[in-house]
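Open the model in your viewer and keep the selection tool to hand. The tour goes stop by stop, with something to select at each one.

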Amino acid sequence: MNFKVTVLKILVSYPDGFAVMEDLKRDMAILATSGRDWADRTKRLAARVPDLDIFSQGLVERISGGWRITAKGRAVLEFMEARPAAPEPIQAPSVEQAKAAIVAPAQLAPLQQPVDRAKRRRERRERRREARERARANAS
């Protein structure tokens with residue numbers, strides 16, 4: 001997980017871009033334990049700006065017990081998240097090529113349905129009904 005990118009993402013999620021240290025630590029802990037997806041995403045974003053330094057570049061400022069993202073920080077984050085330009089459009093195949101590519105569809109075997117499917121469906125409906133009744137009883 002890239003710490004600098006994560007800080008920018010957390011700060012931009014707050015309404016005024018300011019978060020106290022306790023909130024930052026909590027959000028960092030959540031993201032750090034969220035799995036491989038977040039780590040991979042921050043690495044990809046950080047690769048777009050390899051010499052990222054959030055404090056010396058003025059992307060984040062320290063203010064009274066917390067950090068605030070600056071306008072420059074928001075701009076850098078938007079640059080990192082921007083999708084690269086789309087490649088050239090793919091040309092459609094000609095009619096002859098399309099006809100040659102058509103192949104007779106393979107015969108697919110029908111999906112096997114569980115024997116007790118109806119029974120499980122009834123049990124699910126019954127559980128939902130009981131849960132609704134309990135919720136009504138607890139609400140009154």
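Select R62 and F55. The charged end of R62 sits over the ring of F55, 3.9 Å from its centre. A charge sits over a ring if NZ of Lys or CZ of Arg is within 6 Å of the ring centre and within 35 degrees of the ring normal. This is a predicted model, in which local features need pLDDT of at least 70 and side-chain atom pairs count only at pLDDT 80 or more, while totals for chains, interfaces and linings use all residues. Residues are numbered from 1 along each chain as its sequence is written, and side-chain values use heavy atoms, with hydrogens and water left out.

Now go to R48 and F79. R48 lies over the face of F79, at 4.9 Å from the ring centre.

**The aromatic cluster**

How many aromatic pairs does a search of the whole structure find? The search gives 2. Rings of Phe, Tyr and Trp (its six-membered ring) pair if their centres lie within 6.5 Å; planes under 30 degrees apart are stacked, over 60 edge-to-face, and the rest tilted.

Select F3 and W67. Their ring centres are 6.4 Å apart and the planes stand at 85°, so this pair is edge-to-face. F3 lies in helix α1 (residues 3–13) and W67 in strand β3 (residues 66–69), so the pair ties together parts 64 residues apart in sequence. Helices (H or I, at least four residues) and strands (E, at least two) are DSSP runs, numbered from the N terminus.

Is W67 buried or exposed? W67 is buried, with a relative accessible area of 13%. F3 counts as partly exposed, at 41% relative accessibility. Buried means under 20% relative accessible area, exposed over 50%, and partly exposed in between (1.4 Å probe, protein chains only).

F55 lies in the loop between α3 (36–48) and β2 (60–63), while W67 is in strand β3, so the pair ties together parts 12 residues apart in sequence. F55 is partly exposed, at 25% relative accessibility. Select F3, F55 and W67 together: they form one aromatic cluster.

**The sheet**

Switch to cartoon view. In what order do the 3 strands of the open sheet run? The order is β1-β3-β2, with antiparallel pairing. β1 and β2 stand at the edges with a single partner strand each, so one side of each has no neighbour in the sheet. From one strand to the next, the twist averages 25°. For such angles, axes are lines fitted to C-alpha atoms (for helices over the stretch in contact), and angles run from 0 to 180 degrees between N-to-C directions.

Colour β1 and β3. They pair in the antiparallel sense over 3 bridges; two strands pair if DSSP finds at least two bridges between them. Select A19: its bridge partner in β3 is W67.

Next, V20. V20 lies in strand β1 (residues 18–20) and is partly exposed, at 29% relative accessibility. Leaving aside neighbours within four places in sequence, V20 is in contact (heavy atoms within 4.5 Å) with G65 and G66.

Then show helix α2 (residues 21–32). Helix α2 lies across β1 and β3, running at about 90° to β1.

**The hairpin**

Colour β2 and β3. These strands pair in the antiparallel sense over 4 bridges. E61 stands opposite R68 in β3.

S64 lies in the loop between β2 and β3; their hairpin has 2 residues between the strands. Phi of S64 is near 25°, a positive value in a residue other than glycine. S64 counts as exposed, at 69% relative accessibility.

**Zoom out**

Show the whole protein chain. There are 6 helices and 3 strands. From the N terminus on, the elements run α-β-α-α-β-β-α-α-α. Buried residues make up 23% of the 140 residues. Among contacts between residues at least 6 apart in sequence, 67% join residues at least 24 apart.
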